[in-house]
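Hello,

Here is the structure I promised to pass on. Please open it first, then read my notes below.

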Amino acid sequence: MRYVQYKNKNGGNQYLGAQLSIGGDIVDISSVDSSIPNNLVEFLKLGQSTYEKARRIIADSKSITPIADAIFLPPVTNGDKVVCVGLNYKGHCDEQKLAYPKEPMFFSKFSSVVVGPFDNVIIPPITNQVDWEVELAVVIGRQAKAIRPDQVQDHIFGYTVAQDISARDWQKSRNNGQFLLGKSMDTFCPLGPAVVTRSKVDPSDLAIKSWVNGVLKQSGNTSELIFKIDFLVSYLSQIVTLYPGDIILTGTPAGVGVHRNPQEFLKPGDVLESEIEGIGRLKNTISG
């Protein structure tokens with residue numbers, strides 16, 4: 001199942017719904033049953049009984065919003081954390097001539113920088129080195145603390161597409177080398193278009209790609225992950241409690257702009273597209 005958050009183009013409230021297929025119309029959920037929240041994070045907190053209620057509504061499909069009438073919002077908003085993993089694709093390490101890491105490198109983005117799958121990415125005037133990183137994102141469904149790798153799948157709700165937009169000057173040479181500000185400028189985390197439930201997608205072997213102005217920049221596969229998802233989530237849960245709606249970006253493949261020769265960076269007017277097989281595609285215009 002593909003869970004989405006959306007509004008009607010004619011205005012009104014945010015809704016929670018589901019698509020039966022990529023590009024399909026939206027089965028309304030929260031507008032059909034007022035006991036179901038219109039926010040995925042709050043929906044996840046209510047647990048299995050609410051999931052079952054939503055499944056029955058989806059099966060009935062009595063209320064449909066045509067995709068042409070919908071404005072897609074980020075599928076996850078107001079979550080507690082956005083956690084990222086660096087240097088987790090073999091190709092991304094290879095393009096930097098770096099040894100594969102022995103343990104995962106985590107950093108974070110402020111959750112307030114998450115934007116929708118078709119929203120603009122805004123380059124602030126303080127940087128001119130804004131780069132792309134398409135990533136598979138894990139969405140936590142159940143609270144997790146100190147869990148084993150073999151327990152992780154029971155705590156994952158699903159997967160979505162993310163862009164870890166990065167101001168390389170602030171990431172690498174400003175802010176004393178700390179990543180946070182370079183990764184956390186407003187609009188620097190496009191997300192969506194849907195969260196695909198874990199039973200509907202195998203995250204271990206998915207094509208992952210990005211394009212700038214129609215030119216392919218990244219083309220990898222999630223099979224390149226150095227640290228696999230079950231290990232990452234278990235490892236992180238030893239350190240911090242993971243809550244429903246927490247987002248974990250799992251790394252990016254080769255092809256980012258900063259490691260090209262010559263270097264390439266995004267500029268106003270560019271169109272950035274990001275796609276993961278079986279999950280969907282983002283399309284974000286760059287503005288300044």
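T241 sits in the loop between α6 (229-237) and β17 (247-249). The model is a predicted one. Is T241 buried or exposed? Its relative accessibility is 18%, so T241 counts as buried; the cut-off for buried is under 20%. Which residues does T241 touch, apart from its neighbours within four places in sequence? They are K81, Q143, A144, K145 and D246.

A146 is not a glycine, yet its phi is positive, at about 55°. A146 belongs to the loop between β11 (134-140) and β12 (156-163). With a relative accessible area of 44%, A146 is partly exposed. T187 is not a glycine either, and its phi is also positive, at about 75°. Look for T187 in the loop between α5 (180-183) and β14. T187 counts as buried, because its relative accessibility is 11%.

Next, the cis peptide bonds. One joins G192 and P193, with omega at about -5°. P193 is part of strand β14 (residues 189-197). Another runs from N261 to P262, with omega near 0°. P262 is in the loop between β17 and β18.

Now the sheet. Five strands form an open sheet in the order β9-β19-β18-β15-β16. The pairing is mixed. Which strands are at the edges? They are β9 (121-122) and β16 (215-221), each of which pairs on one side only. Inside the sheet order, β18 (residues 271-276) and β19 (residues 280-287) run antiparallel. Six bridges join them.

Last, the whole chain. The protein chain has six helices and 19 strands. Its C-alpha atoms fill a box of roughly 55 × 45 × 30 Å along the principal axes. The radius of gyration is 18 Å; a compact globule of 288 residues would have one near 19 Å, so the two agree. Of the 288 residues, 55% count as buried. Among contacts with a separation of 6 or more, 73% come from residues 24 or more positions apart. The chain exposes about 12300 Å², and carbon and sulfur atoms supply 49% of that. As for charge, there are 29 positive and 30 negative charges, and their mean positions are 1 Å apart.

Best wishes

Terms used. Residues are numbered from 1 along each chain as its sequence is written. This is a predicted model: local features need pLDDT of at least 70, side-chain atom pairs count only at pLDDT 80 or more; totals for chains, interfaces and linings use all residues. Side-chain values use heavy atoms; hydrogens and water are left out. Helices (H or I, at least four residues) and strands (E, at least two) are DSSP runs, numbered from the N terminus. The radius of gyration is taken over C-alpha atoms; the globule rule is 2.2 Å times the number of residues to the power 0.38. Buried means under 20% relative accessible area, exposed over 50%, partly exposed in between (1.4 Å probe, protein chains only). Contact means heavy atoms within 4.5 Å. Accessible areas come from the Shrake-Rupley method with a 1.4 Å probe; for residues, only the protein chains shown count as cover. Lys and Arg count as positive and Asp and Glu as negative; His and the chain ends are not counted. The place of a charge is taken as NZ of Lys, CZ of Arg, CG of Asp or CD of Glu. Two strands pair if DSSP finds at least two bridges between them.
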